[in-house]
Amino acid sequence: MQRVTGIGASPGVIAGRAVVLIQREQVLRYRVPAARVDAELARLFGSRDLTRQQLTEIRSSVGRKHGAELASMFDAQLLMLDDQKLLPRAADLVRQQHVNAGWAIRRVFDDFGAVFDDIADEYLRERKGDIADLAGRLKMNLRPGSASAADLLRELDEASVLVADELAPSIAAQIDWSKVRGFATDAGSRTYHTAILARSLGVPAVVGLQEATRIVQPGQLVAIDGDSGELVLEPGEELLARARRHVDDAAPLSGRQGEPAGPAVTADGLRINLDANIEFPDDLAAARYAGAEGIGLYRSEFLLMGGVRSWGEASTDEEAQYGIYRRMVEGMAPGAVTIRTFDLDQEGGGMRGLRLSLLKPDAFRLQLRALLRASRHGALRIMFPFVSAVEELREARRMIRDVAAESGIDDTELRRVPIGAMIEVPAAAYTADLIAREADFLTIGTNDLIQYCLAVDRSDARVSQLYAPLHPAILRMIVMVRRAARRRGIPVSLCGEMASDPVVLALLVGLGLTEFSMTPAAIPLARRLLQEMRSDELRSIAKRALRLSTVEEIEQELERNIVVGQRS
Ligand code: PEP
Ligand code: MG
């Protein structure tokens with residue numbers, strides 16, 4: 001049990017599984033060619049019109065449900081929409097500086113918001129949240145049809161507790177509070193608009209927690225005590241009893257079978273697959289919530305580290321593994337789940353991943369059997385980590401065939417289970433063409449590839465500045481692997497951390513990759529930013545980057561052309 005103290009904003013005690021929402025968003029700046037300025041202005045004004053329509057609707061629905069006083073909260077936003085210092089000024093920026101509308105909105109709203117920073121009056125200072133709320137809505141409406149945080153939260157259908165960095169009133173107003181039972185935010189004070197809303201809705205809330213979104217893991221059992229102003233992680237029986245809520249501890253996946261979000265698409269229509277990397281079966285909920293199409297990397301070795309949280313005890317037992325894999329494929333359907341066989345590094349000296357599994361055939365066969373049995377229940381892909389030679393892959397495939405035969409799985413069934421190799425050792429990258437002949441898909445694991453290619457231990461802080469994802473050698477290796485896969489006509493994805501950085505992701509798309517797997521929290525932003533980019537422009541940026549000699553030059557090239565700014 002861990003307690004984090006904030007400000008009790010709305011009384012009551014509630015417990016449930018945490019849903020973590022990060023709203024602090026990053027905004028992309030890019031040049032708009034002269035010929036597209038008029039179209040960009042049309043987007044800006046289109047967004048203003050849509051925003052006006054939505055806010056008017058929100059205001060009347062809040063008015064109907066909760067009275068005129070609460071509804072008036074949205075009047076200020078409607079007034080700002082017509083403020084001469086805001087949208088007209090953003091339009092000038094688009095016209096004069098040829099920047100994209102999203103960036104222009106950010107600029108003018110940031111400047112406007114800064115005025116409130118120095119105001120002593122706490123109530124007035126909190127109005128900054130309304131400004132950010134409006135700016136966020138305008139930016140969302142630059143791409144009508146994209147899912148908002150409120151849309152995503154609607155998909156939740158079990159008692160959950162929302163832990164957010166900030167919660168804009170217009171989003172809070174649209175949440176179904178019968179599903180989300182309470183909330184905790186990093187931001188805010190008692191006069192936070194959303195806190196006011198929470199009190200009137202009778203939703204327990206704690207605000208001003210500063211670091212709640214960093215501390216709480218999605219899916220973690222938390223309690224909100226709006227009376228004492230505490231967020232309690234892993235609450236004890238007494239608090240749970242006080243919450244008097246049934247906590248569905250056994251089946252965190254139940255009811256999360258909604259459609260996964262569609263693919264991300266660049267502004268010129270290139271489809272980009274965004275899958276999630278997960279360590280715990282329970283993270284599936286976070287992956288779905290973030291709009292992942294599938295699981296691109298499930299690090300199954302966490303099962304052996306006591307990682308199974310609510311599906312029973314950690315076990316190497318075949319039935320337990322089968323049960324977990326099966327629930328995962330069923331829970332992610334129709335998306336595919338890529339399960340990486342154990343990548344353990346217990347013996348040191350490079351004896352890890354597939355090499356180690358091959359040395360422990362009994363444990364390996366047990367895992368393969370559990371995987372093959374689970375594959376009958378959905379789209380499951382088997383992936384081998386740390387492949388460094390074709391022989392290893394052949395040996396592993398031979399074992400899969402044996403295990404399939406023993407388990408009564410015929411060739412037709414077996415062909416439906418793609419078997420892939422991770423390319424994360426330089427030797428594998430250099431022989432990706434040979435490996436591609438014997439694999440159904442490749443996945444580039446840049447976390448290890450960078451450390452082994454650049455001879456930099458990724459866990460050693462002393463050399464961390466040498467750990468450079470943008471090193472020309474890494475970019476070339478990625479291109480080499482992408483080409484090898486394409487020549488063989490097999491899919492290739494990238495699942496290293498570097499894809500979570502939106503600027504680097506843009507470069508990777510420019511290098512010709514269209515499938516990524518990343519930490520769930522990075523997916524919504526990646527999707528939004530990709531929608532703003534044109535793949536042809538990214539290809540020319542990547543082409544130039546490939547001709548440069550140093551990390552610094554490459555970074556500068558990216559900075560000049562793709563700017564992602566932080567909005568806090
Ligand atoms: C990688 O090496 O890039 C990877 C995704 O695997 P891990 O981080 O689990 O080694
Ligand atoms: Mg790895």
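Both Glu 424 and Asp 448 are buried, a term that denotes under 20% relative accessible area, with exposed meaning over 50% and partly exposed the range in between (1.4 Å probe, protein chains only). The model is predicted, so local features need pLDDT of at least 70 and side-chain atom pairs count only at pLDDT 80 or more, while totals for chains, interfaces and linings use all residues. Residues are numbered from 1 along each chain as its sequence is written, chains are lettered from A and ligands numbered from 1 in the order in which they are written, and side-chain values use heavy atoms, with hydrogens and water left out.

The magnesium ion (ligand 2) is coordinated at 2.0 Å by Glu 424 (OE) and Asp 448 (OD). The pair joins distant parts of the chain, 24 residues apart: Glu 424 belongs to the loop between strand 15 (419-423) and helix 19 (426-430), and Asp 448 to helix 21. Donors here are N, O and S atoms within 2.8 Å of the metal (3.2 Å for Na, K and Ca), and sites may look incomplete because water is not among the atoms. Helices (H or I, at least four residues) and strands (E, at least two) are DSSP runs numbered from the N terminus.

Glu 424 and Asp 448 also approach ligand 1. A polar side-chain atom of Glu 424 lies 2.9 Å from an oxygen atom of this ligand, and an N or O atom in the side chain of Asp 448 is likewise 2.9 Å from an oxygen atom of ligand 1. Gly 445 contributes a backbone N or O atom at 3.3 Å from a ligand oxygen. The protein covers 95% of the 290 Å² of accessible area that ligand 1 has on its own, as computed by the Shrake-Rupley method with a 1.4 Å probe.

In total, 13 residues surround ligand 1, and the closest are Arg 299, Arg 340, Glu 424, Gly 445 and Asn 447; a residue counts if one of its heavy atoms lies within 4 Å. Helix 21 gives the most to this shell, with three residues.

Two further features concern the backbone. Ala 333 and Pro 334 are joined by a cis peptide bond, with omega about 5°, and Pro 334 is found in the loop between helix 14 (318-332) and strand 13 (337-340). Phe 386, a residue other than glycine, has a positive phi near 60°; Phe 386 is buried, with a relative accessible area of 2%.

Methods: A polar contact is a pair of N or O atoms within 3.5 Å; within protein, one must be able to donate a hydrogen and the other to accept it, and residues adjacent in sequence count only if both atoms are side-chain atoms.
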